[in-house]
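Welcome! Please take a look at the structure below, and then we will walk through the ligand and the cavities together.

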Amino acid sequence: MNMPQAEGATATLWKAMSGDATRFPQLDADRKADVVIIGGGYTGLAAAHSVARRGLQPLVVEANTIGWGASGRNGGVVSAKYRIAYSQMAREHGIQVAKAMYRLSHEAVAFVQELILDYGLVEAELTLNGGIRCAHNGRAYAALKEELAWMRQELGEDAGRLLDAHEVAIETGSRSFVGGVISPGVGTLLPYQFVCGLAREINKRYPDTLFERTPALRVEQRNHKICVYTPYGKIQADQLILATNAYSGISPVSQKIKRRVIPFRSSIIATEPLAESLQQRLLVNDRHYGETRRMMRWFRKADRRFVFGGRGAFGKHDSAAAFNALQRAMVEMFPELADTRIDYRWSGHVAMTLDALPHVGRLNERVSFAAGYNGAGVAMSTLMGQLAADFALGSNPDVALLEGGRFRPVPLYPLREAGIRVVAGWYQFLDAIGR
Ligand SMILES: Cc1cc2nc3c(=O)[nH]c(=O)nc-3n(C[C@H](O)[C@H](O)[C@H](O)COP(=O)(O)OP(=O)(O)OC[C@H]3O[C@@H](n4cnc5c(N)ncnc54)[C@H](O)[C@@H]3O)c2cc1C
């Protein structure tokens, strides 16, 4: 077993900005709970919240520290999107399914907002100023325009608006884009502050719920009970929720999730605080911004710094070359940042799935899960944690294409690393030739 891990750089801007030093105990005795949850990120904490709210006892074990995984180190982009367009969902599965997926994505953002209000997490600095998808070429712009028109007509989406090149340049400070679409009702937050604040307040309201530095090593299912073994004691419960997402390889307990996701490294850089003149010109309306390339780069501001993210290094370790490539891409888009120092570099793993969609459901009558957010999980994993709790407690919510039965094992799993390189290379080639 390979944990606790020091995987990826964890000296994030978010941690440096956070004043929260709350830590949670390590399990030190055998315990009982109604639902045991493995993984202390958004999925696990939202599941714990939902279980506790019903008057039942959840217990979360986190192998590292709360928020150590993607939840503490992501970009904080709060979006209501999937990697598949709604029009494609409608073509392949019918309009009712596309409508249900649209509803779920908006419920996800609303649920983040609800939790932040409910627990008073002002430190998460949730800002719903909207987000802009910036088209990197005419073909991508035409596709954005077409999707927006389709959504208006079929989903009653009247809130998105098309921007021309000049408007995008004013919004972003970059002349790299031929246009874009602005979506309201989405935005940004401080990811580490959100996960730590949520944990702190859940533990205050429902004591003895969270245990850190407590890896789940083994699970046994017998006599209508689940038993989770850790090095420091065992937990007996009626139900288990696996909330380990891209980090499902830490121990064999999440083997079934591990086999269904492809971990892909995503990296972020953050500059020194911007000079006032740059502050006034770049990302003036404090939204989140992403481009239309397949190998998408995104950007936002936080702490008066420019934060820029995209694909990280392949393989097990970060590389200076991948961070340098990210910086070059940022300067290409924003030449004014050429002399701006980079203060923070970090990375983490996102969980890609074969159908590019997340999934939630049951593995059997005692084990539920939610995973596979494909790099867009801040809002979605929070909602899916709640939905996983619904499944664990016996309801059967309508989750449309997120349904667990569609969560397929990755074929030729041992070759996944090589596969990632081939697919990423192909996508980069298509991006480069403007397809
Ligand atoms: C660099 C980066 C940038 C991203 N940017 C964005 C963004 O801007 N917007 C967006 O929507 N999404 C983004 N994402 C994706 C988003 O962060 C994730 O989808 C989301 O945080 C997943 O939450 P989670 O709780 O399911 O998983 P995680 O937060 O990864 O938590 C899983 C936890 O399980 C624990 N664990 C695993 N095995 C065990 C075990 N055996 N015992 C105990 N604990 C165990 C791990 O230690 C880990 O802490 C980004 C991800 C990364 C890595």
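How far is an oxygen atom of the ligand from an N or O atom in the side chain of Asn64? The distance is 3.1 Å, which falls under polar contacts (pairs of N or O atoms within 3.5 Å).

## About the model

This is a predicted model, in which local features need pLDDT of at least 70 and side-chain atom pairs count only at pLDDT 80 or more, while totals for chains, interfaces and linings use all residues. Residues are numbered from 1 along each chain as its sequence is written, and side-chain values use heavy atoms, with hydrogens and water left out.

A nitrogen atom of the ligand lies 2.9 Å from a backbone N or O atom of Ala63, and a polar backbone atom of Ala216 is 2.9 Å from a nitrogen atom of the ligand. The protein buries 98% of the 1000 Å² that the ligand exposes when taken alone (accessible areas by the Shrake-Rupley method with a 1.4 Å probe).

## The lining of a cavity

Lys81, Tyr82, Arg83, Ala356, Pro358, Tyr373, Asn374, Ala376 and Met380 line the second largest cavity (on a 1 Å grid over the protein atoms alone, a set of points where a 1.4 Å probe fits but cannot get out; lining residues have an atom within 4 Å of a point). This lining has six nonpolar, one polar and two charged residues.

Technical notes:
Polar contact = N/O pair within 3.5 Å; in protein donor to acceptor, adjacent residues only side chain to side chain. 1 Å grid on protein atoms, 1.4 Å probe; cavity = no way out; pocket = protein on both sides within 12 Å on 5 of 7 lines; lining within 4 Å. Nonpolar A, V, L, I, M, F, W, Y, C, P; charged D, E, K, R; others polar.
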